[in-house]
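Have the viewer open and follow along.

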Amino acid sequence: MVAETSSTKNISVTLKVWRQAGPDKPGKFETYQAKDLNPNMSLLEMLDVVNDELERKGEDPIAFAHDCREGICGTCSMVIDGKPHGPHKGVATCQTYMRSFADGATITLEPFRAKAFPVIKDLITDRSAFDLIQQAGGFISIRTGAAQDANATPIPKDNADLAMDAAACIGCGACVAACKNSSAMLFVSAKVGQYALLPQGQPERDSRVLNMVAKMDELGFGNCTNQYECSAACPKSISHDFIARMNRDYIAASFRQAFTAKSTSTAGGA
Amino acid sequence: MANLESKIPSGALPDKWRKYKAESLKLVNPANKRKYEVIVVGAGLAGSSASATLSELGYKVKTFVFHDTPRRAHSIAAQGGVNAAKNYQNDGDSVYRLFYDTIKGGDYRAREANVHRLAEVSVNIIDQCVAQGVPFAREYGGLLANRSFGGAQVSRTFYARGQTGQQLLLGAYSALMKQAGAGAVEIFPNEEMCDLVVIDGQAKGIITRNLNTGEIRRWAADAVILATGGYGNVFNLSTYARGSNATAIWRAYKRGACFANPCYTQIHPTCIPVSGDYQSKLTLMSESLRNDGRIWVPKKKEDCGKPPAEIAEEDRDYYLERIYPSFGNLAPRDVSSRAAKRMCDEGRGVGETGLGVYLDFADAIKRFGEAGVKERYGNLFDIYHEITNESAYKTPMRIYPAVHYTMGGLWVDYNLMSNVPGLFVLGEANFSDHGANRLGASALMQGLADGYFVVPYTIGNYLAGVKPGSRPSVDGPAFKEAEENVRNTFKRLLAPGTGKGGSVNDFHKRLGKIMWECCGMARTKQTLERGLKEIPALREEYWKTVTVPGSADNLNQALERANRVADFIELGELMCLDALTREESCGGHFREEHQYPDGECKRDDENFAHVAGWEWQGEGKQQIRNVEPLNYETVKMSVRSYK
């Protein structure tokens, strides 16, 4: 139901919203009417209006995650008419505007759904699993103060640009919500890919990919079956090519880990 | 009365920090460091970098964020870049020049010694970030690229497309995750600080509320660091995230920490104009756009309604280039914002509301082609298109100033410690480095400087005087009293209102309107006095009538907002009081009574070359204004000119 109207005529819509009081409570769709909306209003601002009305009546507002409202913090997360972050490509929920919907449309709002993202309340889910994956290896082990001059190691512009494409990930989890297997491969591969493209990322390249993938599996994310719904839903349009890169890295790292000799010395200094 | 002793070390300005570190700062030995616990509240650039670095040093760190993960902090939304005096462009930059530009940009209301230290460590920040894998923009030879920002005549700004804040924050976040994975930092997401615990005059802990479960908990520490950002959401509409709030610093204020220069607010010149009363936030268009975009309004009022393409070149007034020929479109933010306001006040504003000016890329597209402009600013043009449904490649952007940053904040000394010993304040939450106006690309610099390179040294100086293992029990009376205080606040907010007052958002909008009209881009005695009447009345009405549904023992977003808006109302009043008392214009604080004939700020160095540090005296009592004189040893205070 995508209409890109440039008209300034106000519209009205019907909302079907997933309401769930808590993690262990049953949930169901509730219907709300949102009337007389300026089409330049964002979808979240439309929800503000609905919530203000509920609050004035002393009723529980619809809980939804949001913060920066400019598509960069990765907090907002909902499935709009069956699509994570809604009808448009390359934008987050907060960048979805009411002009995308026809007057009289019914809009269905649900939380991101995945085993690893349990619902906390209504449209809010717990995505802390992403922090745990990051802790497993999503970093370069450099202590503050130990860095050399920033220009000491030139980095080819193409590599830096490609690393930036991967680094643009906002950690929202839409890739997981869009995947029928609830796989986190796009998220993990974006982080792995960023560091693998940079000289600073090389010393820990193997352990990083092995540890992050192991953690991802442990936390209940599924596997990738190459249908690329993740990239299609990604608000930063991160390419599934990074998944292929990560798979190559993973295989190479597995071999190297199996066949590379390691020092067994544990002797310390005086 | 609080003693606002700046503790600036002696010696020549360029040697102060180096000598102070080497000769004066006390150290804590490695075996003792693990006996100290440090609480860090906030995980933006300052909080994440401090948490990671302190834990690397061996301190036990607990980090609290109200977000669901530290990576969401609003530092992530900074677009344009981070300044550093690397002089990689060979264009004459130096530590001194960055220092001087920042002091001048701040309209001579910042502390010299702090700013010089900031400029010194700026070079380390870039090294650190590159080593972490931050993908800064690069030239074809593989070296780092730079661009220019307002208030500078050199190119010293490092950037990662239009997402520099995101990349720097993710760098600091990765360092924090490394430490958390190693068990060296404990992270508490969805946990909002609601009070500070002070025992025998020293900060010894905090009280938090878990936003998912409603649980209220007590936490003891040997030192508390607040890195909770700025308070621009007092205005309701701003470029801040919706969740950005002043609760941590305001509750610390009520426990005795002085609040410095609350009236210093930055209004950013290039934001997308307001379109309707439903609007929840304003979106920034990065200052970097002013490198290549040209700002103009029609020369004639009657042209304002015409499509911009139909207005001939000779009928356009490129007013920044006209008024400020040496800095042109890169005049500092306060200067550019006020110029835009003057144009609109003259009736030459554009767009439906008449509150807008053009930011035009036609020349840049001629010079670099559309592809060249896209490479530099593509994501910003995309954001503009998403919000306005217009293509800035085809027609000029319409922009207008919006609240963007607060230079004021909790008062800190040279060690970044507040007047409450053991309470440190970093980043935008403190007041120290930007004077009355912050230059573009300096917020990221300050956040990371404080967290990576300043507080890790200075906190040791304090902890060396705290007996290891002397951390108080959370069962003590001060913790009990603070927890009761927090519980009572929530109870009062949830008490059924008369039902007439409307929702929390209704009140926030009303507060924002009062603040924008009375304490916004231009202030007068009259508007401020009006604000000081209307805000207390609003506060009273708020507590009597606001409707907050639900309970405090589960996820309740209306209650979270209600708690924050209660603090915004009180802080708004203090901002007006500070603005009224400061009888001069400087930087972002523009009192219409104090201006030169050309509309520029008229400072009063004789009477106001000082920091105002407000001190809470209790409910219903007049707050006290303490003063820290600003002694300039190196730079001569002069009339700021960008002409």
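## Aromatic pairs

Let's start with the rings. Counting over all chains, this predicted model holds 34 aromatic pairs. One of them is B:Phe64 with B:Trp219, an edge-to-face pair at 5.0 Å centre to centre with 65 degrees between the planes. That pair links distant parts of the chain: B:Phe64 belongs to strand 2 (residues 60–64) of chain B and B:Trp219 to strand 8 (residues 216–220) of chain B, 155 residues apart. Both B:Phe64 and B:Trp219 are buried.

Now look at B:Phe361 and B:Phe381. Their ring centres are 4.9 Å apart and their planes sit at 65 degrees; over 60 counts as edge-to-face, so that is what this pair is. B:Phe361 is in the loop between strand 14 (357–360) and helix 10 (362–388) of chain B, while B:Phe381 is in helix 10 of chain B, so the pair ties together parts 20 residues apart in sequence. Here, too, both B:Phe361 and B:Phe381 are buried. Elsewhere in chain B, ring pairs join B:Tyr231, B:Trp250, B:Tyr253, B:Phe259 and B:Trp616 into a cluster.

## Charges over rings

Chain A has a couple of charge-over-ring arrangements to click on. A:Arg113 lies over the face of A:Trp18, 4.2 Å from the ring centre. A:Lys16 lies over the face of A:Phe29, at 5.5 Å from the ring centre.

## Chain A as a whole

Zooming out, chain A comes to 8 helices and 7 strands. Its C-alpha trace spans about 75 × 40 × 40 Å along the principal axes. Of its 270 residues, 56% count as buried. Chain A exposes about 11,300 Å², with carbon and sulfur atoms supplying 51% of that area. As for contacts in chain A between residues at least 6 apart in sequence, 71% of them join residues at least 24 apart.

## Helix 8 of chain A

Helix 8 (residues 241–259) of chain A has 19 residues, which at 1.5 Å a residue should span 27 Å; the end C-alpha atoms are 28 Å apart, and that agrees.

Which residues of helix 8 of chain A are buried? They are A:Phe242, A:Ile243, A:Met246, A:Asp249 and A:Ala253. These cover an arc of only 120 degrees around the axis, which puts them on the same side of helix 8 of chain A. The buried residues of helix 8 pack against helix 3 (157–167), helix 5 (185–196), helix 6 (205–218) and helix 7 (229–233) of chain A.

Helix 3 (residues 45–57) of chain B reaches 18 Å from its first C-alpha to its last, close to the 18 Å expected for 13 residues at 1.5 Å a residue. This helix is mostly covered, with 12 of its 13 residues buried. Among the buried ones are B:Leu45, B:Ala46, B:Gly47 and B:Glu56. The cover for the buried residues of helix 3 of chain B includes strand 1 (37–41), strand 2, helix 6 (164–181), strand 5 (185–188), strand 9 and helix 11 (443–463) of chain B. After helix 3 of chain B comes B:Gly58, with a positive phi near 115 degrees.

Helix 13 (residues 504–519) of chain B has 16 residues, which should span 22 Å at 1.5 Å a residue; its end C-alpha atoms are 21 Å apart, which agrees. Its buried residues include B:Phe507, B:His508, B:Leu511, B:Ile514 and B:Met515. What do the buried residues of helix 13 of chain B pack against? They meet helix 1 (43–56) of chain A, together with helix 14 (525–545) and helix 15 (557–581) of chain B.

B:Ser244 is in the loop between strand 9 (223–226) and helix 7 (247–254) of chain B. Its relative accessibility is 12%, and buried means under 20%, so B:Ser244 counts as buried. Not counting residues up to four places away in sequence, B:Ser244 touches A:Asp67, B:Phe66, B:His74, B:Asn233 and B:Phe568.

Over in chain A, A:Asn40 is in the loop between strand 2 (27–37) and helix 1 of chain A. Is A:Asn40 buried or partly exposed? With a relative accessible area of 29%, A:Asn40 is partly exposed. Leaving aside neighbours within four places in sequence, A:Asn40 is in contact with A:Tyr97, A:Arg99 and B:Tyr278. The C-alpha atoms of A:Asn40 and A:Ala105 are separated by 16 Å, the two residues being 65 apart along the chain.

How values were computed
Residues numbered from 1 in each chain as written. Chains lettered and ligands numbered in written order. Predicted model: local features only at pLDDT ≥ 70, side-chain atom pairs only at ≥ 80, totals over all residues. Heavy atoms only, no water. Phe/Tyr/Trp six-rings, centres within 6.5 Å; stacked < 30°, edge-to-face > 60°. Helix = DSSP H or I, 4+ residues; strand = E, 2+ residues; numbered from the N terminus. Buried < 20%, exposed > 50% of the residue type's maximum accessible area, 1.4 Å probe, protein only. Lys NZ or Arg CZ within 6 Å of the ring centre and 35° of its normal. Expected span 1.5 Å × (residues − 1). Arc of directions from axis to C-beta. Contact = heavy atoms within 4.5 Å. Areas by Shrake-Rupley, 256 points an atom, 1.4 Å probe, with all protein chains shown as cover.
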